[in-house]
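Subject: Structure for your review

Dear colleague,

Please find the structure below, together with its sequence. My notes on what was found in it follow.

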Amino acid sequence: PTRGSALQRAMSTPVFWLLAVAFSFMYLNHSTVIMHLLPILEERGVELSFAVLVISLIGPMQVAGRLLLMTVEQWVSIHLAAILSFGCVCASAVCLAFGGSHAGILIAMVALQGTGIGLSSITRPVVTAELLGRTSFGVISGAIALPVMMSTALSPSIAAWVWDAYGYKVVTLVNITFAAVALACFVAAMTLGLR
């Protein structure tokens with residue numbers, strides 16, 4: 001009964017739904033990048049060996065983002081770190097859309113993408129607990145994770161449909177939209193939840 005009532009209370013708040021949308025759109029963005037970056041770079045004429053190098057840096061940058069947070073956590077609030085994670089993903093999406101085949105911008109893009117996702121893996125559970133409470137945290141967190149997992153699974157197909165109809169330029173613009181919606185919903189959730 002406690003688990004059910006805690007989840008019902010959480011789901012009756014706009015904060016729950018804003019967090020669910022924010023994290024879902026963040027992973028719509030991220031999964032699109034992971035699954036479509038190689039063909040995007042190939043279409044731009046980026047040499048295959050460099051494209052593979054760029055893609056391979058996303059994982060290490062996630063670790064770097066987590067290490068960075070551990071280094072500065074005494075000076076940076078978890079709320080600011082969470083907003084930075086969304087901001088990094090937004091900046092990465094802009095770099096991907098408008099960076100062309102410029103090597104430096106592509107490296108910056110994967111550094112920002114990896115750092116943002118790496119930070120979110122730490123900030124997401126902490127912020128969720130702070131905004132929605134620690135009672136039955138696992139159930140509430142799992143309920144938020146369900147649309148996130150669905151987004152991760154669906155985004156490669158969504159991006160493929162957009163590519164098939166309009167090309168990869170539009171895919172990268174849609175990816176900016178995913179990131180911007182994620183950031184806006186997260187800021188709204190923080191604003192409402194910390195009142």
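Leaving aside residues up to four places away in sequence, I122 touches R66 and L69, where contact means heavy atoms within 4.5 Å. The model is a predicted one, in which local features need pLDDT of at least 70 and side-chain atom pairs count only at pLDDT 80 or more, while totals for chains, interfaces and linings use all residues. Residues are numbered from 1 along each chain as its sequence is written, and side-chain values use heavy atoms, with hydrogens and water left out.

I122 has its place in helix 6; helices here are DSSP runs (H or I, at least four residues), numbered from the N terminus. With a relative accessible area of 28%, I122 is partly exposed. On this scale, buried means under 20% relative accessible area, exposed over 50%, and partly exposed in between (1.4 Å probe, protein chains only). Between I122 and G138, which are 16 residues apart in sequence, the C-alpha to C-alpha distance is 15 Å.

T115 is also found in helix 6. This residue is buried, its relative accessible area being 15%. Not counting residues up to four places away in sequence, T115 touches M61, Q62, G65 and C88.

Helix 4 (residues 58-72) packs against helix 6 at an angle of about 55 degrees, and their axes are 7 Å apart. Axes are lines fitted to C-alpha atoms, for helices over the stretch in contact, and angles run from 0 to 180 degrees between N-to-C directions. From helix 4, I58, M61, Q62, G65, R66 and L69 take part, and they meet V110, A111, G114, T115, I117, G118, L119, S121, I122 and T123 of helix 6. The residues of this contact divide into 8 nonpolar, 7 polar and 1 charged. For these classes, Ala, Val, Leu, Ile, Met, Phe, Trp, Tyr, Cys and Pro count as nonpolar, Asp, Glu, Lys and Arg as charged, and the others, Gly among them, as polar.

**Helix 6 and helix 7**

The axes of helix 6 (residues 103-132) and helix 7 (residues 137-166) come within 10 Å and cross at roughly 120 degrees. That angle makes helix 6 oblique to helix 7, and the crossing of helix 6 with helix 7 is right-handed. On the side of helix 6 the contact is made by R124, P125, T128, A129 and L132, and on the side of helix 7 by F137, I140, I144, A145 and V148. Of the residues in this contact, 8 are nonpolar, 1 is polar and 1 is charged.

S136 lies in the loop between helix 6 and helix 7. Its phi is near 55 degrees, a positive value in a residue other than glycine. At 15% relative accessibility, S136 counts as buried.

Helix 2 (residues 14-43) and helix 5 (residues 78-98) pack with their axes 11 Å apart, at an angle of about 35 degrees. Their crossing is left-handed. Here A22, F23, M26, N29, V33, L37 and I40 of helix 2 meet S85, F86, V89, A93 and L96 of helix 5. This contact divides into 10 nonpolar residues, 2 polar and no charged.

T172 is placed in helix 8 and is buried, with a relative accessible area of 1%. Not counting residues up to four places away in sequence, T172 touches I40, R44, L96 and A97. T177 is found in helix 8 (residues 168-193) and, at 43% relative accessibility, counts as partly exposed.

**Aromatic pairs**

The structure holds 6 aromatic pairs. The rings of F16 and W17 have centres 4.9 Å apart and planes at 80 degrees, so this pair is edge-to-face. Rings of Phe, Tyr and Trp (its six-membered ring) pair if their centres lie within 6.5 Å; planes under 30 degrees apart count as stacked, over 60 as edge-to-face and the rest as tilted. F16 is buried at 2% relative accessible area, whereas W17 is partly exposed at 44%. F23, F86 and F186 form one aromatic cluster.

Yours sincerely

Notes
Helices (H or I, at least four residues) and strands (E, at least two) are DSSP runs, numbered from the N terminus. Angles under 35 degrees count as roughly parallel, over 145 as roughly antiparallel, 65 to 115 as roughly perpendicular and the rest as oblique. A crossing is left-handed if the near helix is turned anticlockwise from the far one by less than a right angle, and right-handed if clockwise.
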